[in-house]
Amino acid sequence: LVIAVYRNYALSWKKNYGTKSNQTLFRAGSLSKTVTATATLRLVEEGKLNLYSNWTPKLKKYKVELPHNKKKPNINLDLLLSHTSGLTEKGNWDDPINRNKRKLKDIQDINSQNKSNGLKLYYKPGTKSRYSGGGYSIVQEILTEITKLNFPTLIDQTVFRPLGLKRSTFQQNLD
């Protein structure tokens, strides 16, 4: 736990509890979604992405299970970022079967024999909100595909460096 008190927009006091040192790294967990959304919106501002472009045709490449009817849903970054895309997952990056997987198309749902990755459309996009970590995995795939950068480098260049964050990273398995 870290408590920080700011007065007049300046740090006036801070105290760490339960850490080895002031250099202890913490896993951000779902806070990383805010950082991912920030990177996405930076790319939108720079004209590299359109928030409302339809990504449905690309979802097949990521092995997302969509309905088999003729009319495919329109899934865009706005819906993915706001957890209203209708997509969610059953397979999870933390499942042992997915330990060394690096791409969304490679993860597996341990409870299914289906060849999809466990990510599927559960309801019509834009009709309701349901937490979707898998939706953010799609956003990650889109961002790396557009920029040709690996995700940690992309986040460093678009978010951490501009904010002056020197001890923040999306690198995995740090010693």
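Predicted model: local features only at pLDDT ≥ 70, side-chain atom pairs only at ≥ 80, totals over all residues.
Local features need pLDDT of at least 70 and side-chain atom pairs pLDDT 80 or more, while totals for chains, interfaces and linings use all residues. Residues are numbered from 1 along each chain as its sequence is written, and side-chain values use heavy atoms, without hydrogens and water.

**Exercise 1. State how many helices and strands the protein has, and in what order they run.**

Step 1. Take the elements as DSSP runs, numbered from the N terminus: helices are H or I with at least four residues, strands are E with at least two.
Step 2. Count them: five helices and four strands.
Step 3. Read from the N terminus: β-β-α-α-α-β-β-α-α.
Step 4. Of the 175 residues, 37% are buried. Buried means under 20% relative accessible area, exposed over 50%, and partly exposed in between (1.4 Å probe, protein chains only).

**Exercise 2. Find which residues of H1 are buried, and what they pack against.**

Step 1. Get the length. H1 has 14 residues and spans 20 Å from first to last C-alpha, close to the expected 20 Å. The expected span is 1.5 Å times one less than the number of residues.
Step 2. List the buried residues: Lys-33, Val-35, Thr-36, Ala-37, Ala-39, Thr-40 and Leu-43.
Step 3. Find their partners. The buried residues of H1 pack against helix H3 (77-81), helix H4 (133-147) and helix H5 (151-163).
Step 4. Recall the helix geometry. An α-helix has 3.6 residues a turn, so residues three or four places apart point the same way.

**Exercise 3. Decide whether Thr-36 is buried or exposed, and name its contacts.**

Step 1. Check the area. Thr-36 has a relative accessible area of 6%, so it is buried.
Step 2. Set aside neighbours within four places in sequence. Thr-36 then contacts Tyr-136, Val-139, Leu-143, Phe-151, Ile-155 and Phe-170. Contact means heavy atoms within 4.5 Å.

**Exercise 4. Identify where Asn-8 and Lys-148 lie, and give the phi of each.**

Step 1. Start from the rule. Most residues other than glycine have a negative phi.
Step 2. Take Asn-8. Its phi is positive, near 50°. Asn-8 lies in the loop between strand S1 (2-7) and S2, and is exposed at 76% relative accessible area.
Step 3. Take Lys-148. Its phi is also positive, near 65°. Lys-148 lies in the loop between H4 and H5, and is exposed at 68%.
Step 4. Just after H1, Gly-47 has a positive phi of about 80°.
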